[in-house]
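Q: Please show me the model, and then we can go through how to read its features.

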Amino acid sequence: MPKSAKLSGIKSLRCYTIQEAADITGVSDRTIREWIKHGLTAMTSERPTLVRGDALIAYIRGKRQARKFHLSLDEFYCLKCRAACKPAGGLVDCVTDDTRAKLTALCETCDTIMHKPIVHESVPILTNIFDVTFHDEPPQSSKVGSETSARNRH
């Protein structure tokens with residue numbers, strides 16, 4: 001089963017049984033029943049229970065929207081904390097290429113490495129907020145370490 005439900009194929013003007021809704025979204029029928037318990041509108045007064053396609057689409061889109069996290073320019077998303085966090089000590093590394101800049105920093109809470117892609121126009125603003133170290137190329141520490149160990153073996 002996929003981790004997220006599919007929207008493609010759901011007809012908004014059609015009613016689906018729980019099993020049909022599960023098949024078309026790619027989730028289990030148990031998941032559809034849980035969604036009904038947590039707010040998915042369904043016609044439960046008669047059997048079989050029916051779910052309208054437009055209600056199913058709206059419910060899945062609402063769940064996806066609730067998962068989205070909007071960050072301000074001075075915040076990163078920490079995967080370990082699962083929250084918006086500031087960089088430790090205000091220190092940020094910036095690697096630029098032709099189209100984008102990639103920021104790397106440590107989480108001030110858990111010291112996990114955080115990444116954030118930004119557009120070039122935001123870089124001057126960030127230099128006023130953070131202590132930014134610029135790099136021309138991404139650091140290749142793992143590659144350097146393996147080359148060094150390979151040289152030491154010979």
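Q: Which backbone oxygen lies 3.4 Å from a polar atom of the side chain of Thr25?
A: A polar contact is a pair of N or O atoms within 3.5 Å; within protein, one must be able to donate a hydrogen and the other to accept it, and residues adjacent in sequence count only if both atoms are side-chain atoms. Here the oxygen belongs to Ala22. The side chain of Thr25 also reaches the backbone oxygen of Ala21, at 2.7 Å.

Q: What should I know about the numbering and the origin of the model?
A: This is a predicted model, in which local features need pLDDT of at least 70 and side-chain atom pairs count only at pLDDT 80 or more, while totals for chains, interfaces and linings use all residues. Residues are numbered from 1 along each chain as its sequence is written, and side-chain values use heavy atoms, with hydrogens and water left out.

Q: Where does Thr25 lie, and is Thr25 buried or exposed?
A: Helices (H or I, at least four residues) and strands (E, at least two) are DSSP runs, numbered from the N terminus. Thr25 belongs to helix H1 (residues 18–25). Buried means under 20% relative accessible area, exposed over 50%, and partly exposed in between (1.4 Å probe, protein chains only). With a relative accessible area of 0%, Thr25 is buried.

Q: Which residues does Thr25 touch, not counting those up to four places away in sequence?
A: A contact means heavy atoms within 4.5 Å. On that basis Thr25 touches Ala5, Lys6, Ile10, Ile32, Leu56 and Ile60.

Q: How many helices and strands does the protein chain have?
A: There are five helices and eight strands. Their order along the sequence is β-α-α-β-α-β-β-β-β-β-α-β-α. Of the 154 residues in the protein chain, 27% are buried.

Q: How many aromatic pairs does the structure hold?
A: Rings of Phe, Tyr and Trp (its six-membered ring) pair if their centres lie within 6.5 Å; planes under 30 degrees apart count as stacked, over 60 as edge-to-face and the rest as tilted. The structure holds two such pairs. In one of them, the ring centres of Trp35 and Tyr59 are 5.5 Å apart and the planes stand at 45 degrees, so the pair is tilted. Trp35 is in helix H2 (residues 29–37) and Tyr59 in helix H3 (residues 53–67), so the pair ties together parts 24 residues apart in sequence. Trp35 counts as buried at 10% relative accessibility, and Tyr59 is buried at 15%.

Q: Why is the pair of Phe76 and Phe130 tilted?
A: The planes of the two rings, Phe76 and Phe130, are at 55 degrees, with the centres 6.3 Å apart, so the pair is tilted. The pair links distant parts of the chain, 54 residues apart: Phe76 is in strand S3 (residues 76–78), and Phe130 is in the loop between helix H4 (123–129) and strand S8 (131–135). Both Phe76 and Phe130 are buried.

Q: What lies over the face of Phe76?
A: A charge sits over a ring if NZ of Lys or CZ of Arg is within 6 Å of the ring centre and within 35 degrees of the ring normal. Lys116 lies over the face of Phe76, at 5.8 Å from the ring centre.

Q: How many bridges join strand S5 to S8?
A: Two strands pair if DSSP finds at least two bridges between them. Five bridges join S5 (residues 91–96) to S8, and these strands run parallel. Phe134 in S8 is the bridge partner of Cys94. S5 is also joined to strand S6 (residues 100–106), by four bridges, and runs antiparallel to S6. A hairpin of three residues connects S5 to S6.
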